[in-house]
Amino acid sequence: MPQPTDPPETKSNGNEGDLRVIGRPRRRVDARAKVTGQTRFADDISLPRMAHCKLLRSPHPHARIRSIDISRAAAYPGVYLVLTGKDLPIEYGILPVSQDEQALCLDHVRHVGDPVAAVIAREELIAFEGLDLIQVDYELLTTISDPEEALATPTPRIHDYGDEGNIHKRVALEFGNVDQGFAEADEIFEDTFFYQGSTHLPIEQHASVATKDPDGKLTIWTSTQTPHYLHRALAKVLEMPPAHIRVIATPNGGGFGGKSDPFNHEIVVAKAALLLDRPVKICLTREEVFYCHRGRHPVLMNFKTGVKKDGSLTAMHLQTLIDGGAYGSYGVASTFYTGALQTTTYHVPRYRFQGCRTFTNKPPCGPKRGHGTVQPRFGQEVQLDKIAEKLQIDPADLRLRIAESSNRVTANFFRLSTVNLAECIRRIVKSSGWRDKFRKLPEGRGIGLACSAYLTGAGLPIYWNKMPHSGVQLKFDRGGGVTLFCGATEIGQGSDDVLASIVAEVLGLDTFDIRLYTGDTDLGPVDLGSYSSRVTIMAGNAALQAAERAKSLLAEAVAERVGVPPERLRFAGKRVFDSAAPENSVTFQEAVCLAEARFGTIGTVGSYTPPKSAALYKGGGVGPSPTYSYTAAVVEVAVNPVTGWITVPKIWIAHDIGRALNPTLVRGQIEGSVYMGLGEALMEEQEFRRLPKKLSHALVHKFPSILEYKSPTSLDMPEVFTELVEEPDPQGPFGAKEVGQGPLLPIMPAVANAVYDAVGVRIDEVPITPEKIMKALAEKKAGRAPRFGPSHFPHVDWPEALRVPPPWEGGDGNAINDAPRRAKPAPQRTPEKDKVLSS
Amino acid sequence: MVTISPASQRTAQLRFTLNGEQTDVSFAPYKTLLEVLREDLNHTGTKHGCELGECGACAVLLDGKPVLSCLLLALECSGRDVLTVEGLGSDGQLHPLQEAFADLGAAQCGYCTPAILVTAKALLDQNPHPTRDQIREALSGNLCRCTGYLQIFEAVEAAVLEIASHNKSA
Amino acid sequence: MMRLPLFSFRAPRSLEEAARILHGEGPDAMPLAGGTDLLPNMKRRQQVPRTLLSLRNIDSLHAVHFDDPRARLGACLTLSAIISDPRLRNGATALAQAASQVATPHIRNVATLGGNLCLDTRCNYYDQTYEWRKSINFCMKKDGVTCWVAPSSSKCMAVSSTDTAPALMALGARVRLVSHSGEREIPLADLYNNDGMFYIHRKADEILTDVLLDSLHDWRSTYWKLRRRGSFDFPVLSVAAAARFGGSGVVEDARIVIGSAASRPLLAEEAGRFLVGRALSSETIAEAAALAARIAKPLDNTDFDMSWRKKVTAEFVTYALRELRGDDVTAERTAITRCPSV
């Protein structure tokens, strides 16, 4: 039986009272640059002789390219170069199992916006005009617009790989005897939910500048969250040694997961720069950002949950049908994520998960804040509300009864470290006045509660390897300065500040004393990237280790000078001193010089690899994390019972963060997550329009603009009351857990639950809009189920589930039926009725 | 749809006041003020998120009023007074708004920040003691995807107090 | 980045010069006021004028004359100038409320009254980039033949999206149009045509120069705008209502205008007539609202579900009429505007 692992050697070293940097609200290290407009984003970079690139994109959702004639474009005055798919045929992709993208489509376009050619010219306007001179002869193929259509339309295949037809991936996992679990239940609940796709909408559009260095190597500055993965993709596609490629992730003007894939435009400008031997820049228009997408997968979910009268869960069976869009992206991981974290909040003793991702002819989906766990969290939390109502238990009390606690292992073998979910619930119940409001507010006003959990860093890397997930190098100069090198990328979340604050704390410095070089593959050790909330724990722990090692060296040298044992030395206020006799001290600068004299040039490294996961079964690589954060939220809404108009005046949220390294930044992440959750709850929709089939094959993004894709303005933001629960987690540097994603998850289900409290209708879908509320109210008035949402989960040919007995059934994390990969289906299938579920 | 002739070699000339200094610049006449600022004058502090007037990231002050530089022809700016984020500070010091934004977490990724700063400055120049609602409304044309706006409002309010106390002691 | 296409630029100093240039250049020239609608359309290549005629330097277009009981507003007055003019409150409140809710503060500082009155009609299929429109093989309004909103329709169904027009129509405004060959003054209501493409009776060489308001002394007016968010968004529905009251709250004259429910603002004539001679009781308000809502025929060319927009129209009209009656509708209003000052 697996035990929670011991915490890694690099423990947090702070005694609470001693911390001078950690835990204090501080100006972040990059604040001054940002408020003076001096932060250099990718599009701010301008180099001599720089050319401009525009991409020609497919106007068709699905087609073969018969031929491309670039001659007129190439001859257009001011055009330097035109590239097509044959110039960059090698496939790439973020996941090793789905290397299915080409920088420019060679012969198959899969969504409106898929790039097919590139024009590089003296001015951007000229490049734009050149696009129209390229003649592409397309052969239209059947458009596949949603997963049900994908299931029913095995050919033409959008990709030549995948499970079969246009099914990208099906997974099935079973933890424990689920049927028995249902048999033991007093009540069984079955609900279908739909979560619409949404996109990241960072204010900064993607931009890249590539150049051939003076010495002939390739350098690319680009707005990316994952310079290391881009680095690998460039080496592969350009057929160059990675050592001759430098990727510099410029500070991102927002990422949220939308800049975590290697992109077509990055590879194209790199190639163009090499061919032309001059810098090449591209900056995507807002519409093109919608075509890059990699946003939240639309997911249809079916939850079947067995409960006892006291609210404890006996079994859960979750099915998800996922709209992947045109490419793999992180989709296989996303598929597993739609089932992974259901067991981390409330005790689920037996669990069956089936997930199916299909390809469709739309921009590809990928990771957006919360990556695949957001959708099922919505379903789980709304269903819990329905369960609570039926069992006549207060929803907060129900959750308190069944909440997981610290140091457990879940049915699917994820190790939980600190779990303070219950405390989060208690806090917001108190601060929101829950007991006085739930089911007690006047008609049209309501209050709803929901919880969530999220990973603090994905436990496994994107490509299998045994190397650290993050590394930090520290350089010390005789002037007393410290320079930190790390591949971690600043996307606004404060990763630079996290790194600086950890080093400053350990070495007794100000964060201002530390220079940071981050996100540069030439300068810093590999950090896998800013995704899955991994930076604080992984780069942070690496920084902690490097700083502790430096502290050791410096202490040893200083100890000799001041004549005390190294253990008695303290580092604070830019001095190193004897804790028993503080006047016996040297400056930090002197300490460095002493150490350099003693040891030679000083430099230290630190690295971090997450603890080994207990989830050994195939698919268990998605979901494990060194630790999980927990969040509870209460949302108050006002709903107009005539029009369905919904406003949200107040939100209370409590987040189990372990330790807030910088409370100012932490608050910003929580409020920013709440804001983004609210946007998804009420108005964000990555929606597509299929023109009447008789008239057109078109499948277009309904409104790829920042005007029509609705995100909340300053006028739409409610009051937010934030509380932190801080029990330092041994896995995190100074006990810190994540905060950049977790607080988003409970918002959407809390809104749905609040709407039910306000006007008695269930919106089992996101976004929750006035139109849907009004329709549900009409249903209620007509005496039908007071609900709006899906009621049908289509038939999917699920593979045989991998059976993994949970810990309490003697499991060891392995599947007992390591079933071979599902064989191709027989030509004749026995007809099975679609599952029609009553709502 | 294609313009038949290649981009003209014509350039236009503009003389205007940029951040308090008389500035002369040559530029391609089809350019907006945003493009001229960023590309011909190297003032990259002003950003762009859409170029269509739908996000507010390109805001600058024109004769003291917040406007969208992506929707202004540079040709229309002759003789006018433009303030960008680069011109917010004075005498080598940051503007109290900049200090407050830096201290109170009002800038996360920092991309929308220049536009919000100049917009807030225009508000405070016109109304030194705005209510929260007035701050909200003044910034209703600036989208932010990171902060959720609340720390931005607080930073503006902190700057109000700082400016007021500075004026008192002056 | 999106870039403007090439254009020639003229900046006349007088109305006569402007009219002469416009006449000479023909339909490939367009007047440029604030540019906040024209420039985005140019960047998306929906409108590609060869010549832009800036109206910025024509002083007469920026003037405001209050000649009690009439008012003359220059068409190039910015929306911000309109909002901040205290003389345009009281009877003409609807205009200030409409102007306050256009887009965002930045845009209002530049956008003009005339520009908003002449605002291009909008549609999900039209207000898109050139590349997007190419993917749907364009549409009737620009470069194509099919109206995708209503494929069997013989006319374009793009929607009127101006806020100031419904308000000014409710206030009975007139407009002056000047061209090389003369000038004319017409009721604002006659400026519009219920056709998404040919939505305005302004000839290509005419410049809208002034908006004229008669006495609004005993009138009360209001403008309600429905949209997803508190700023940026165009209206998906708007209601402008104006009434003159006699003794004991009896309506002597009334106009209700429904905006963004057709290719032009629609005067709800039957509803307006119904109110005359009646006091605004709840029953009267409900009846008038139902009559007004009947003329609204929203289509799938904006944000929000068209059937929802239709269904909420009557309720929206009741908010406006209750406000005219003197009810405190702050709660309803703030829920929609999310802005207590509007």
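Biologist: Which domains does the domain assignment of chain B give?

Modeller: The assignment, whose bounds come from an automatic or database source, gives domain 1 (12-85) and domain 2 (96-169). This is a predicted model, in which local features need pLDDT of at least 70 and side-chain atom pairs count only at pLDDT 80 or more, while totals for chains, interfaces and linings use all residues. Residues are numbered from 1 along each chain as its sequence is written, chains are lettered from A in the order in which they are written, and side-chain values use heavy atoms, without hydrogens and water.

Biologist: What makes R228(C) and E771(A) a salt bridge?

Modeller: The rule asks for a side-chain nitrogen of Lys or Arg within 4 Å of a carboxyl oxygen of Asp or Glu; the closest N and O atoms of R228(C) and E771(A) are 4.0 Å apart, so the pair is counted as a salt bridge. Across the interface of chain A and chain C the rule finds seven salt bridges.

Biologist: How many residues of chain A and chain C are in contact?

Modeller: With contact taken as heavy atoms within 4.5 Å, 43 residues of chain A meet 42 residues of chain C.

Biologist: How much area do chain A and chain C bury between them?

Modeller: Buried area is the accessible area (1.4 Å probe) that two parts lose on being put together, summed over both; for chain A and chain C this is about 3,800 Å², 59% of it on carbon and sulfur atoms. Domain 1 and domain 2 of chain B bury about 1,000 Å² between them, and their salt bridge count is zero.
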